[in-house]
Amino acid sequence: MIETERLILRGWREADIAPFHAMGQDAEVMRYIGPPMSLEDARAGYDRIVARQAEQGHCFWTIERKSDGAFLGFCGLQRGYDFLDGEIEIGWRLRRDAWGQGYAREAAEASLAWGWANLDTPRITAITVPANRASWGLMERLGMRRYPDEDFDHPGVPDGSPLKRHILYRIARPTTHGPA
C-alpha cells in the first residue's frame with residue numbers, strides 16, 4: 001500500500017470490479033484505449049492485475065481517495081509487454097469525474113518513487129496514443145522524455161484502428177550524489 005496526501009494506492013479487491021467496469025463503460029475514459037469494457041472484460045482485467053501483483057509484487061494498483069474511500073481508477077507499475085522488452089511500465093486510468101484534480105499526477109509520482117525505491121530498473125517507460133494529449137502531457141510533467149524513434153504499432157490493436165500507433169516515453173532512474 002502506498003499513501004499520498006489524498007490517495008491510497010492498494011491491491012485490488014473483488015469489490016473493485018464493479019467500479020472498474022463502470023469506468024470502462026465511459027466512452028470518454030475509453031476514448032484512447034478501446035471499446036467499452038464488458039463485465040467479462042472487467043473481470044478478466046481484474047484477474048490479470050491480481051495475478052501480476054502476486055507474480056511481480058506490483059501492478060497497476062487501485063487508486064482510492066482517502067476522504068471517502070472512493071475508487072478513482074488505477075495507477076502503478078508492471079513489467080511491460082514483450083514488445084516493450086519487459087521494461088517496467090507506468091500506467092494510469094481514472095474515472096472522468098476525477099480528471100483535472102491532480103490525482104493522476106499524485107498517484108504517478110508516488111508510483112515512480114515506489115519503483116525507484118523497490119525495483120532494480122534503470123528506467124521506467126510509458127506508452128499512449130499520439131492523440132491522448134492529457135496522458136503524454138502528464139508524462140512530460142513527470143519528467144519523462146519522448147523517444148520518437150521508438151514509436152510503434154501496438155500489436156494488440158487491430159490494423160486500421162486509429163489507436164494502433166503508440167508513442168513511447170521514458171524516465172531514467174534519478175542519480176543520487178553523496179557528500180562532496
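Trainee: With which residue does D26 form a salt bridge, and how far apart are the closest N and O atoms?

Mentor: D26 forms a salt bridge with R96, and the closest N and O atoms are 2.9 Å apart. The two partners come from distant parts of the chain, 70 residues apart: D26 lies in the loop between α1 (17-24) and α2 (39-56), and R96 in the loop between β5 (88-94) and α3 (103-118). The general idea is that a salt bridge is a side-chain nitrogen of Lys or Arg within 4 Å of a carboxyl oxygen of Asp or Glu. Helices (H or I, at least four residues) and strands (E, at least two) are DSSP runs, numbered from the N terminus. Please note that this is a predicted model, in which local features need pLDDT of at least 70 and side-chain atom pairs count only at pLDDT 80 or more, while totals for chains, interfaces and linings use all residues. Residues are numbered from 1 along each chain as its sequence is written, and side-chain values use heavy atoms, with hydrogens and water left out.

Trainee: Is D26 buried or exposed?

Mentor: Buried means under 20% relative accessible area, exposed means over 50%, and partly exposed lies in between (1.4 Å probe, protein chains only). D26 has 17% relative accessibility and therefore counts as buried.

Trainee: How many salt bridges does the count come to?

Mentor: The count comes to 16 salt bridges. One of them joins D97 to R95, with the closest N and O atoms 2.5 Å apart. D97 counts as exposed because its relative accessibility is 53%, whereas R95, at 24%, counts as partly exposed. Another joins R31 to E28, where the closest N and O atoms are 3.7 Å apart. R31 is partly exposed at 47% relative accessibility, and E28 is partly exposed at 34%. Salt bridges may also be linked: R10, R13, D16 and E64 form such a network.

Trainee: In what order do the elements of the protein run from the N terminus on?

Mentor: The order is β-β-α-α-β-β-β-α-β-α-β-β-β. The secondary structure comes to 4 helices and 9 strands.

Trainee: Which strands pair with β2?

Mentor: Two strands pair if DSSP finds at least two bridges between them. Strand β1 (residues 2-3) is joined to β2 by 2 bridges and runs antiparallel to β2; here I2 stands opposite L9. These two strands form a hairpin with 3 residues between them. β2 also pairs with strand β3 (residues 60-65), in the antiparallel sense, over 4 bridges, and I8 stands opposite E64 in β3. Strand β2 (residues 7-10) is covered on both faces: L7 and L9 on one side, and I8 and R10 on the other, are all buried.

Trainee: How many residues of strand β6 are buried?

Mentor: In β6 (residues 123-128), 5 of the 6 residues are buried, and the strand is mostly covered. β6 runs parallel to β5, with 2 bridges between them, and I124 in β6 is the bridge partner of I88. With strand β9 (residues 165-172), β6 pairs in the antiparallel sense over 6 bridges; T125 stands opposite R170 in β9.

Trainee: What do β5, α3 and β6 make?

Mentor: They make a right-handed β-α-β unit. A crossover is right-handed if, with the strands pointing away from the viewer, the path from the first strand over the helix to the second runs clockwise.

Trainee: Against which elements do the buried residues of α4 pack?

Mentor: They pack against β5, α3, β6 and β9, where contact means heavy atoms within 4.5 Å. The buried residues of helix α4 (residues 133-141) are S135, W136, G137, L138 and M139. Just after α4, G143 takes a positive phi of about 95°.

Trainee: What radius of gyration does the protein have?

Mentor: The radius of gyration is taken over C-alpha atoms, and the globule rule is 2.2 Å times the number of residues to the power 0.38. The protein has 16 Å, which agrees with the value near 16 Å for a compact globule of 180 residues. Of its 180 residues, 49% count as buried. Of the contacts with a separation of 6 or more, 60% come from residues 24 or more positions apart.
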